[in-house]
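Q: Could you take me through this protein structure step by step? I would like to begin with its overall make-up.

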Amino acid sequence: MVICNKRDINTAVIRATMDLIVEQGINEITTAKIAEHAGTSETVIYHHFKNKQDIINQTIAFFLGELYKEFETIRTQPLPVIIKLEKMLDIHLSFNEKTKGFSRVAFSDQLHLGDAELKQIARKNQEKYELLLIEVLRGGIEEGVFRADLDLETAAQSYIGLIYFVMHKWSFDGFSWNLPNEKNRILQYWTKVWK
C-alpha cells in the first residue's frame with residue numbers, strides 16, 4: 001500500500017508507533033521499524049516528522065487528544081453524574097486496554113526524566129482531565145449525590161490516581177487481566193467515599 005497524502009502518512013505513522021510501543025517499548029523502536037510498520041519509508045517520515053522523539057510526542061498528543069474528546073463528549077451530555085463518571089471510567093480503562101503502549105509511556109523514564117515536550121504534553125492533558133473531573137464532581141454536589149464539603153481537587157486527583165495505580169499493577173502483571181472489569185470496583189469505592 002502506498003500512502004500519498006500528509007494526513008494519511010501522519011495517521012499511519014502514529015498508529016504504527018503506538019503498535020510498536022505496545023510490542024517493544026519506546027527504547028526499542030526506531031524510525032526504520034516505524035516506517036516498515038506504517039508501510040512507508042524513513043525518507044517520507046522525515047518529511048513529516050523531525051525525528052523519533054517528534055514521532056513519539058505527536059503519537060502521545062494524538063491519543064491523549066482523542067481520549068479527551070471522548071471525555072468532553074460525556075461531560076456535555078445531560079446525564080446523571082454517576083452515569084457520566086461510569087462512562088468516563090469505562091472510556092479510560094478501555095482506552096488503556098486497547099493501547100497498552102500508553103501505559104508503557106505513562107510509566108517510562110522517557111516521560112518523567114526525558115523529553116521536556118513529551119512531559120509538557122502529558123502534564124497539559126492531565127490538567128485538562130482533572131479540571132473536567134472537577135466540573136463533573138461539582139455537578140454531583142449540585143445533584144445532591146455527593147456531600148457538599150467534598151474537596152473537588154483532591155477527589156479528582158485521587159480518582160485519577162487510583163486509575164493509574166490499577167494500570168500500573170496491570171502492566172506489572174503483563175496485561176494479563178481484563179482492565180475494564182475493574183470499573184465497577186473503582187466506581188463503587190469512590191461513590192461511597194464521596195457520598
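A: The protein chain has ten helices and zero strands; helices (H or I, at least four residues) and strands (E, at least two) are DSSP runs, numbered from the N terminus. This is a predicted model, in which local features need pLDDT of at least 70, side-chain atom pairs count only at pLDDT 80 or more, and totals for chains, interfaces and linings use all residues. Residues are numbered from 1 along each chain as its sequence is written, and side-chain values use heavy atoms, with hydrogens and water left out.

Q: What share of the residues counts as buried?

A: Of the 195 residues of the protein chain, the share is 45%. Buried means under 20% relative accessible area, exposed over 50%, and partly exposed in between (1.4 Å probe, protein chains only).

Q: Which residues of α10 are buried?

A: Helix α10 covers residues 183-194, and its buried residues are Lys 183, Ile 186, Leu 187, Trp 190, Thr 191 and Trp 194.

Q: Where do they lie around the helix axis?

A: The buried residues of α10 fall within an arc of 120 degrees seen down its axis, so they line one face of the helix. The arc is that of the directions from the helix axis to the C-beta atoms.

Q: What covers them?

A: The cover includes α5 (81-98), α8 (116-143) and α9 (152-172).

Q: Changing topic, is Thr 17 buried or exposed?

A: Thr 17, in helix α1 (residues 6-24), is buried, with a relative accessible area of 0%.

Q: Which residues is Thr 17 in contact with, beyond its neighbours within four places in sequence?

A: Thr 17 is in contact (heavy atoms within 4.5 Å) with Ile 29, Ile 34, Ile 55, Ile 56 and Thr 59.

Definitions and conventions
Expected span 1.5 Å × (residues − 1).
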